[in-house]
Amino acid sequence: MQAPRSVRIGELDIIIDNSCAMHQIPYSVPRNPAFWAAQYKEYRRRKAKGSKSAEAEKLAEPAKPAKPANWAALFQDHNSQNSSTKVSVVGKQAAQVEEKAGVRKFTTLEDVLENWSVKLSMPKVQPRGLVNTGNMCFMNVVLQALLYCGPFYNLLQCIKDNVVFSFGTSTPLLESLIMFMHEFKQDKTGLADLETELEEPFVPENVYDALQQKNVFQTLRGQQEDAQEFMSHLVDGIHEEMATVLQARQAQAERAGGSGWVEVGAKHRGGHMRSSHEATPITQIFGGTLQSVLTEPAVAGRAVQRASREPFRWLALDVSAAEVERLEDALDALAAPETIEGFVDAKGAPAAATKQTVLEHVPPVLVLHLKRFVFCADEGVKKVHKFIEYPETLALAPQWLARGAGRQRSRQYRLSGVIYHHGSDASGGHYTCDVVRAGDEWVRFDDVDISGLAGVDAALEEKKDRTAYILFYTIKEAE
């Protein structure tokens with residue numbers, strides 16, 4: 001095998017090995033230095049051009065999306081540069097208009113929770129069905145009823161539009177409801193014109209996941225649950241999340257301010273109080289107060305009365321008595337004085353004492369739970385099937401109210417939603433609901449099936465296959 005040969009051009013040695021000869025590859029190396037200088041210049045030009053092209057391509061790449069300023073920004077479509085520009089301009093203009101009008105702009109969740117106020121009217125929302133993945137109708141009707149509850153919808157909308165979004169927070173239920181609300185479009189079109197253009201039904205997976213994270217209804221799918229019990233867990237859970245956020249802010253402010261006061265727990269350790277009675281937007285919407293008055297026998301010619309207060313987010317009304325035929329009858333029974341059996345006076349002697357429960361404060365949204373399921377010693381739990389008549393407009397009767405109720409005596413409520421239970425079994429059956437969409441337009445939801453009602457009368461009338469279980473009454477705005 002021949003040794004490789006080399007060719008020297010200026011300071012450059014080029015080695016030519018035997019493979020060139022073996023494969024009969026012709027080689028011819030120009031010896032003119034000017035040729036190599038021109039080649040080197042061309043190489044530098046192409047390299048520079050390539051760097052500029054790469055830089056141009058890099059600049060042309062879409063920028064990584066910035067951290068969303070709020071929930072609304074999170075839901076924006078970032079695929080279109082034009083649309084994002086329009087959104088930012090509109091947002092800026094809206095902020096300027098709100099600033100001129102003196103409308104409060106919130107910046108944090110704590111800010112919303114501390115300063116939000118109830119707004120009754122809500123935008124017209126396009127109906128959308130919910131998929132029943134297995135005995136989930138109890139959950140579907142509650143979510144639909146809450147969505148069309150004006151103050152609750154406005155609260156979620158306010159948080160979505162103002163609060164910075166972040167994952168992994170301490171409010172998973174609240175965030176899941178905001179994501180749920182985002183699945184519904186705002187649309188003023190009447191239902192009759194929308195029926196062929198409704199969005200496809202969907203499964204509220206975000207709510208499922210949040211509930212399981214909170215250890216609420218671990219058997220969510222495949223086992224029938226009670227709609228009222230589910231609503232209680234859901235709304236109370238959101239309230240607790242809000243209360244925790246507010247308490248954390250208060251604790252931070254106390255540490256910063258050095259107030260010197262701290263709640264002392266076991267073994268004299270600092271503790272943190274969690275109160276289910278703390279004021280939050282949930283209590284602003286649904287929270288009322290019952291006053292329980294205990295009247296003892298007269299002492300020295302004067303009866304002794306002791307009053308206690310108890311908060312509520314819905315009233316549970318007994319409808320099992322034969323004389324209860326209307327909603328007003330059930331409220332009369334709630335406020336009627338009852339004799340306390342086995343009561344003894346201060347001297348230990350039996351005495352006749354009465355207890356009366358009345359409304360001290362009523363919320364903007366009055367939720368009434370008709371207790372359809374009662375326990376009988378010989379039959380176990382059975383359902384009260386009878387029809388309970390309920391009005392479109394509910395006026396608060398004086399006998400239902402505490403003496404200091406004041407302005408609440410003139411309050412009137414308008415029916416805004418009804419949740420029905422189908423069937424005769426307490427542990428089974430089916431749930432549907434009727435809600436007012438806007439104005440006088442009523443909509444009926446049966447999981448994925450949606451139908452428009454002729455009017456409120458369709459929600460008020462007696463139905464053979466279902467009975468009213470939960471009633472939503474929203475306070476009427478001043479005319």
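**View 1. Strand S13 is largely enclosed by the rest of the structure, since seven of its nine residues (430–438) are buried.** Buried here means under 20% relative accessible area, while exposed means over 50% and partly exposed is in between (1.4 Å probe, protein chains only). Strands are DSSP runs of E with at least two residues, helices are runs of H or I with at least four, and both are numbered from the N terminus. A quick note on the source: this is a predicted model, where local features need pLDDT of at least 70 and side-chain atom pairs count only at pLDDT 80 or more, while totals for chains, interfaces and linings use all residues. Residues are numbered from 1 along each chain as its sequence is written, and side-chain values use heavy atoms, with hydrogens and water left out.

**View 2. Here are the partners of S13, strands S12 and S14.** Two strands pair if DSSP finds at least two bridges between them. With S12 (residues 412–422), S13 pairs in the antiparallel sense over six bridges, and tyrosine 420 stands opposite threonine 432. With S14 (residues 441–446), S13 also runs antiparallel, joined by five bridges. Alanine 438 has glutamate 441 in S14 as its bridge partner. S13 and S14 make a hairpin with two residues between them, and glycine 439 in the turn has a positive phi of about 65°.

**View 3. The charged end of arginine 466 sits over the ring of tyrosine 420.** It is 5.8 Å from the ring centre. For a charge to sit over a ring, NZ of Lys or CZ of Arg must be within 6 Å of the ring centre and within 35 degrees of the ring normal.

**View 4. Tyrosine 148 and phenylalanine 445 belong to the eight aromatic pairs of the structure.** Rings of Phe, Tyr and Trp (its six-membered ring) pair if their centres lie within 6.5 Å; planes under 30 degrees apart count as stacked, over 60 as edge-to-face and the rest as tilted. This pair is tilted, at 5.8 Å centre to centre with 35° between the planes. It links distant parts of the chain, 297 residues apart: tyrosine 148 is in the loop between helix H6 (137–147) and helix H7 (150–162), and phenylalanine 445 is in strand S14. Tyrosine 148 is buried at 3% relative accessible area, and phenylalanine 445 is buried too, at 2%.

**View 5. Phenylalanine 184 and phenylalanine 202 meet edge-to-face, because their planes are at 70°.** Their ring centres are 5.8 Å apart. Phenylalanine 184 lies in the loop between helix H8 (172–182) and helix H9 (191–194), and phenylalanine 202 in the loop between H9 and helix H10 (205–213), so the pair ties together parts 18 residues apart in sequence. Both residues are buried. Ring pairs link Phe180, Phe184 and Phe202 into a cluster.

**View 6. Phe152 is among the residues with the most contacts inside the largest nonpolar core.** A nonpolar core is a set of buried Ala, Val, Leu, Ile, Met, Phe, Trp, Tyr and Cys residues joined through side-chain atoms within 4.5 Å. Apart from it lies another core of 44 residues, including Val358 and Leu471.

**View 7. Alanine 298 is found in strand S3 (residues 288–299).** This alanine is exposed, with a relative accessible area of 52%. Alanine 298 and alanine 351 are 53 residues apart in sequence and 10.0 Å apart in space, C-alpha to C-alpha.
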